[in-house]
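Please look over the model shown here. A short briefing follows, grouped by topic.

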Amino acid sequence: MNKLSVNKALLFQYFAASASPVQKRLISEWLAQAENQELYFEWLAEWQARSPHYLPEGQERYEQYLEYMRNHPLDKLKDAEPAQSEAHLPGNRIPIWRKIWLVAASVILLSTMGWYGRDYVIFKHYQTSYGETRTVKLMDGTQVVLNANTTLKVPRFGFGSETREVKLNGEAFFNVTHTIDNKRFMVKTEENFEVMVLGTEFSVYTRQKGGKVLLKKGKVHVLFSEGQKKKELIMNPGDLVIMEKTTAKPLRKPNADTSRLTAWVANRFVFDKTPLSEVASQLQEHYGITVQIQDGQFASRTVSGTFQPESGEELLTLLSELFDFRLAREGEAYLIVKKQ
Amino acid sequence: MLSPQGSENNENAASWEVNADDPHAADGVNSAKETDRELFIRKTFETNPQEGCALLFRLYYNPLCSYAVRFLYSKEAAADLVSEMFYAFWKNRSYESVKTSYRAYLFKSVQNRSYNFLASELKNTDSFEIMPQYDVASSERPEALMYFEELASRIDRIVEQLPPQCQKVFLLNRFENKKIQQIALEMNLSTRTVEGHISKALVALRQGLKDHWTWLVAVPLAFI
């Protein structure tokens, strides 16, 4: 039994010219099997795509390719000249003419969609702007409510046979359906964790600050890595798991106030002794507006209550009345200053 | 209140990315996705080969160019080579005879074409046979598959060992496709000096790869 097995990590080393002669020998033996040759190219394509040596202008070349195919349709003899002959098709060849037109139409559609690379071929992107929340229903019936400034990537061609997988950047509330064959649902993030579920209600928060998972109903596993090791945390309803960027270990807080933390789903802000500094941060995340607390005394003041503002500015104005501060502008940012 | 169900996303806003795969996934998970994808492409070819080709182009044009450029050291040449391959792929209906995955086929084609290109470029006065362009390669000998990386590393090493000015001129001319005049201006050298550096680099490459010529010629033969 060969202890050192050939895997993707090794091949990646090899492509980066860091494999030893012994390792190369192993790879050579491993490549003797046809299915490994397929794997070789799969991983090669991935490595190339991930660490490109340069980014060629695909757009122009792509359009040229489409035009080439248009001008050299296959119905013709292989070496015949293009385009001109189409105008001279006799009457009884109309079906073929229509077929060419149909092909040209779908090709034009492809080219107007533009060159967006592999990612847009494989995934459908749902995106919200600042201040926007949106509900999306996936092909398996799962409902997702996207909070502001959030992107959700969903496979375009169906979920495939193994796991249902989506990728999240931002914040979203999931209501995941059970499938007959108990297919798991995975939420992947750009951060160091992913969430695996069977069927349940939960929200995932993944932004610059860090990550959070809140479980409302059901059961959820949070998968993360601690250094080299892969670990798993099983959550129960009411649990809030927080992953700060600074600490490696996730923190679990049971009995979280789930309705407060998911108030945004109904476009509400619920504050419970929330410091103004935290409110400023939420305004940034939700509306994209920068709020600077110039006068330190306001940073630690807390606010409690439910707000359903039309805009970030409205909420700020409300707060200025509440705390009796002055709201100033400096370019794009809002400043909270003492009233003179 | 909750906003109504989201309609078709406006895809014109975002810019394109290069990579879709997940670094955290275990080796097996991505493979399953890849198989699904290849199957989908195969199905597309059955009804609409133009769309199949367009799809393959969009999926693999970038990584294929990056692959070729490691070998050819020229952005222009790499882009041309990959484009030509896709043109031939369509024109010759090569997609009908692909027994492996399209991805494997396309990468192997780029390998072959790169060998031929480099061979024709570096041939010296005692000329040797230029192999005809093969785009098909069924099951390979492992050494043949791995040879590309070997050669690419060797080329890297030769370029690395060029004296600094020479290397810089070579890369500007070869990789960036800048004209001799332009380089002379940028680097404040005479055009004669620039030309001198370029030929010095080419000589170094020819010398360094000389003992690989028989291999280079022999390798495509295995593809018949």
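Which residues does B:F107 touch, not counting residues up to four places away in sequence? The residues are A:F41, A:L44, A:A45, B:L64 and B:Y67, where contact means that C-beta atoms, placed from the backbone, lie within 7 Å. This is a predicted model, in which local features need pLDDT of at least 70 and side-chain atom pairs count only at pLDDT 80 or more, while totals for chains, interfaces and linings use all residues. Residues are numbered from 1 along each chain as its sequence is written, and chains are lettered from A and ligands numbered from 1 in the order in which they are written.

**Confidence**
- The model scores ipTM 0.75 and pTM 0.49.
- Chain B has a mean pLDDT of 75, with 71% of its residues at 70 or more; pLDDT is the predictor's confidence in each residue, from 0 to 100.
- Within chain B, confidence is highest in helix α6 (residues 164–174), at 92, and lowest in helix α9 (residues 213–221), at a mean of 46.
- Residues 125–139 of chain B have pLDDT below 50, and this stretch has 26 contacts in the model beyond near neighbours in sequence.
- Residues 215–224 of chain B also stay under 50, with 17 contacts beyond four places in sequence.

**Chain B layout**
- Chain B has nine helices and zero strands; helices (H or I, at least four residues) and strands (E, at least two) are DSSP runs, numbered from the N terminus.
- Of its 224 residues, 34% count as buried. Buried means 20 or more other C-beta atoms within 10 Å of the residue's own, exposed means 12 or fewer, and partly exposed lies in between, with C-beta atoms placed from the backbone.
- The axes of α7 (residues 180–187) and α8 (residues 191–209) of chain B come within 9 Å and cross at roughly 110°. Axes are lines fitted to C-alpha atoms, for helices over the stretch in contact, and angles run from 0 to 180 degrees between N-to-C directions.
- B:I180, B:Q181, B:I183 and B:A184 of α7(B) make the contact with B:T191, B:V194 and B:E195 of α8(B).

**Nonpolar cores**
- The largest nonpolar core has 53 residues, and B:L56, B:L64, B:A68, B:A78, B:V82, B:F107 and B:V110 touch the most other members. Such a core is a set of buried Ala, Val, Leu, Ile, Met, Phe, Trp, Tyr and Cys residues joined through C-beta atoms within 7 Å.
- Two or more residues come from each of α1 (8–15), α3 (34–50) and α4 (58–71) of chain A, and from each of α2 (49–72), α3 (75–91), α4 (102–122) and α5 (142–160) of chain B.
- The most come from α2(B), with 15 residues.
- A second, separate core of 33 residues includes A:V154, A:F173, A:F193 and A:L240.

**Sheet in chain A**
- Three strands form an open, mixed sheet in the order β15-β18-β17; strands pair if DSSP finds at least two bridges between them.
- β15 (291–293) and β17 (325–330) of chain A are the edges, each with a single partner strand, so one side of each has no neighbour in the sheet.
- The twist averages 30° from one strand to the next.
- β17(A) and β18 (residues 333–338) of chain A run antiparallel, joined by six bridges.

**Positive phi**
- A:N255, not a glycine, has a positive phi of about 55°; A:N255 is exposed, with 10 other C-beta atoms within 10 Å.
- B:Y73, also not a glycine, has a positive phi of about 60°; B:Y73 is buried, with 21 such atoms within 10 Å.

Technical notes: Two residues are in contact if their C-beta atoms, placed from the backbone, lie within 7 Å.
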